Amino acid sequence: MGIGMIRYRVEGPDGEFLDEFSSNAPDFAKWRINRIRKYVPDLKVTKKPDDRD
């Protein structure tokens, strides 16, 4: 992955895995998470640096 990448893990309110992706564009991440939130309102989003090469 590139420099400055953040890994986002999205889970439903019951802990069900919904999505995981890396991005260095906060606007894209917000758009993608909000797209899921439209159908599952109470999401849990975990962010951490993605330092994989």
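A salt bridge here is a side-chain nitrogen of Lys or Arg within 4 Å of a carboxyl oxygen of Asp or Glu. With that in hand, I went through this predicted model and found five salt bridges in the structure.

**Entry: Arg7 and Glu20.** Arg7 sits in strand β1 and Glu20 in strand β2, so the contact ties together parts that are 13 residues apart in sequence. I also checked accessibility: Arg7 is buried at 15%, whereas Glu20 is partly exposed at 34%.

**Entry: Arg9 and Glu11.** I found another salt bridge here, with the closest N and O atoms 2.9 Å apart. Arg9 has 29% relative accessibility and counts as partly exposed. Glu11, at 15%, counts as buried.

**Entry: Arg32 and Asp19.** I noted a salt bridge in this pair too, its closest N and O atoms being 2.9 Å apart. The two residues link distant parts of the chain, as Arg32 belongs to helix α1 (residues 26–37) and Asp19 to strand β2, 13 residues away. Arg32 is partly exposed at 21%, and Asp19 is buried at 12%.

**Entry: the network.** I then followed the shared partners, and the salt bridges join Arg7, Arg9, Glu11, Glu20 and Asp50 into one network.

**Entry: Gly15.** Last, I turned to the loop between β1 (6–11) and β2 (17–23), where I found Gly15. Gly15 is partly exposed, with 42% relative accessibility. I looked up its separation from Ala25 as well: 10 residues in sequence and 25 Å in space, C-alpha to C-alpha.

Conventions: Residues are numbered from 1 along each chain as its sequence is written. This is a predicted model: local features need pLDDT of at least 70, side-chain atom pairs count only at pLDDT 80 or more; totals for chains, interfaces and linings use all residues. Side-chain values use heavy atoms; hydrogens and water are left out. Helices (H or I, at least four residues) and strands (E, at least two) are DSSP runs, numbered from the N terminus. Buried means under 20% relative accessible area, exposed over 50%, partly exposed in between (1.4 Å probe, protein chains only).
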